[in-house]
Amino acid sequence: RLGLEPAFPDQATFKEFAVRLDRPASEAIRDARALGVHPGYALGREYADLDDALLVCLTEKRTAADVERLAEALGR
């Protein structure tokens, strides 16, 4: 729905997965934090060619509302 694409579509995931954004992940993190959401880790910090990738972790401690807030924050 948000147009987020998996960064590694052929890899199995469990609680963590990477998505590609339409802007640098560092910008998305900054904007999400301003909304009180910590969206994940900018993979570009370790891998220059993944500047637009964000590593997200979702566990059973996150509610559907938490996930929706994250989705809204990343969709901005």
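How much accessible surface does the protein chain have, and what share of it belongs to carbon and sulfur atoms? The surface comes to about 5300 Å², and 50% of it belongs to carbon and sulfur atoms (areas by the Shrake-Rupley method with a 1.4 Å probe; for residues, only the protein chains shown count as cover).

This is a predicted model, in which local features need pLDDT of at least 70 and side-chain atom pairs count only at pLDDT 80 or more, while totals for chains, interfaces and linings use all residues. Residues are numbered from 1 along each chain as its sequence is written, and side-chain values use heavy atoms, with hydrogens and water left out.

**Whole chain.** Show the protein chain as a cartoon and find 2 helices and 4 strands (DSSP runs numbered from the N terminus: helices are H or I, at least four residues; strands are E, at least two). From the N terminus, the order is β-β-α-β-β-α. The radius of gyration is 12 Å, close to the 11 Å that the globule rule gives for 76 residues, so the chain is as compact as a globular protein of that length (taken over C-alpha atoms; the rule is 2.2 Å times the number of residues to the power 0.38). Along the principal axes, the C-alpha atoms fill a box of roughly 30 × 30 × 20 Å.

**Helix α1.** Select residues 25–34, and within them A25, A28, I29 and A32, which are buried (under 20% relative accessible area; exposed is over 50%, partly exposed in between, with a 1.4 Å probe and protein chains only). Looking down the axis of α1, these buried residues fall within an arc of 100°, so they line one face of the helix (the arc is that of the directions from the helix axis to the C-beta atoms). Now turn to the other side of α1, where R30 and A34 are exposed. Just after the helix, G36 takes a positive phi of about 85°.

**The strands around β4.** Keep β4 and select β2 (residues 16–20): the two run antiparallel, joined by 5 bridges (strands pair if DSSP finds at least two bridges between them). Next, select β3, which runs antiparallel to β4 and is joined to it by 2 bridges. Here A42 stands opposite L54 in β4.

**Back to the whole chain.** Of the 76 residues, 29% count as buried. Among contacts between residues at least 6 apart in sequence, 56% join residues at least 24 apart (contact means heavy atoms within 4.5 Å).
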